[in-house]
Amino acid sequence: MNFRRYSRYIKLIFFAWDIILLNFAYFVSYYFRYGEFHRFFSTESQTILLISNVIWLLIISYLNSYKFIRVEPIEKILARSFNLVLYHMAIIFATLLILKFDDISRARLLYFYSAFLAEIFFSRIFFIHILKNLRRKG
C-alpha cells in the first residue's frame, strides 16, 4: 500500500486530534474539580472552551507546529509541544483576567493543563512511532 498519497492528510489528522484532546482534557478537568457537570454548560465555561479551541488553532497555525522532520529527535518535538501548551496557558490566563471571569476555577485550569499536556505528550510519541513505521514502508 502506498501511504505517500495520504501524507497531505497527516497535518489535518494532527490538527483534529489535538482539538479532540483539548476538549477531552477540558471536560475531564471539570469533573475532577467539581465531581459533576452541573455548571459545565455555563456561559463562562463554554466561552473559555470556545476561546481555548480558537487559540490552540491559531497557535498551531502561526507557529507551524506540525512539521515533523524525519531525523528530528522526539525530545525536540516534545519540547516544542510543551512550549505550545505554555503559550496557550498564558493567553487563556490573560483572557480570563481581561474578561473578568472569576467563576473559572484556577484549580480546574491546573487540572486541564496537566491533562492536556499529558495527552499531547503521549499522542505525539504514539504518532511519531506510527509515522516512522509508515515511512519505513514507503
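Let me start with the ground rules. This is a predicted model, where local features need pLDDT of at least 70, side-chain atom pairs count only at pLDDT 80 or more, and totals for chains, interfaces and linings use all residues. Residues are numbered from 1 along each chain as its sequence is written, and side-chain values use heavy atoms, with hydrogens and water left out.

Now, confidence. pLDDT is the predictor's confidence in each residue, from 0 to 100. The mean pLDDT of the protein is 84. Of its residues, 90% reach 70 or more. Among the elements, helix 3 has the highest mean, at 90. Helix 4 has the lowest, at 87. One caution: where pLDDT is low, the predicted coordinates should not be read in detail.

Next, the fold. The protein has 4 helices and 0 strands. Along the sequence, the pattern reads α-α-α-α. Helices here are DSSP runs (H or I, at least four residues), strands are E runs of at least two, and both are numbered from the N terminus. Contact means heavy atoms within 4.5 Å. Take the contacts between residues at least 6 apart in sequence: 79% of them join residues at least 24 apart.

The accessible surface comes to about 8700 Å². Carbon and sulfur atoms account for 68% of that. These areas come from the Shrake-Rupley method with a 1.4 Å probe, and for residues only the protein chains shown count as cover. Buried means under 20% relative accessible area, exposed means over 50%, and partly exposed is in between (1.4 Å probe, protein chains only). Of the 138 residues, 36% count as buried.

So what sits inside? A nonpolar core is a set of buried Ala, Val, Leu, Ile, Met, Phe, Trp, Tyr and Cys residues joined through side-chain atoms within 4.5 Å. The largest one has 28 residues. Trp 56, Leu 96, Phe 112 and Phe 116 touch the most other members. Helix 1, helix 2, helix 3 (74-99) and helix 4 each give two or more residues to this core.

Look at Trp 56. Leaving aside neighbours within four places in sequence, Trp 56 has contacts that include Ile 19, Leu 84, Phe 116 and Ile 120. Asp 18 and Arg 124 are also among them.

Keep those two in mind. How many salt bridges does a search of the whole structure find? The search finds 1. A salt bridge is a side-chain nitrogen of Lys or Arg within 4 Å of a carboxyl oxygen of Asp or Glu. Here, the side chains of Arg 124 and Asp 18 meet at 2.9 Å, N to O. Arg 124 lies in helix 4 (residues 106-136) and Asp 18 in helix 1 (residues 10-34), so the pair ties together parts that are 106 residues apart in sequence. Buried or exposed? Arg 124 is buried, at 2% relative accessible area. Asp 18 is buried too, at 0%. As background, side chains of opposite charge can pair when their charged atoms come close.

Ser 52 lies in helix 2 (residues 43-63). Its relative accessible area is 1%. Beyond four places in sequence, Ser 52 touches Leu 22, His 88 and Ile 92. Tyr 113 is in helix 4, and counts as buried at 5%. Tyr 113 touches Val 85, His 88, Met 89 and Ile 92, again not counting residues up to four places away.

Arg 33 is in helix 1, and is partly exposed at 37%. Not counting residues up to four places away, Arg 33 touches Ser 105, Ala 107, Arg 108 and Tyr 111. Its C-alpha atom and that of Ala 107 are separated by 7.0 Å.

Last stop: Lys 100. Where is Lys 100? The place is the loop between helix 3 and helix 4. At 63% relative accessibility, Lys 100 counts as exposed. Its phi is positive, about 55°, although Lys 100 is not a glycine. For context, most residues other than glycine have a negative phi.
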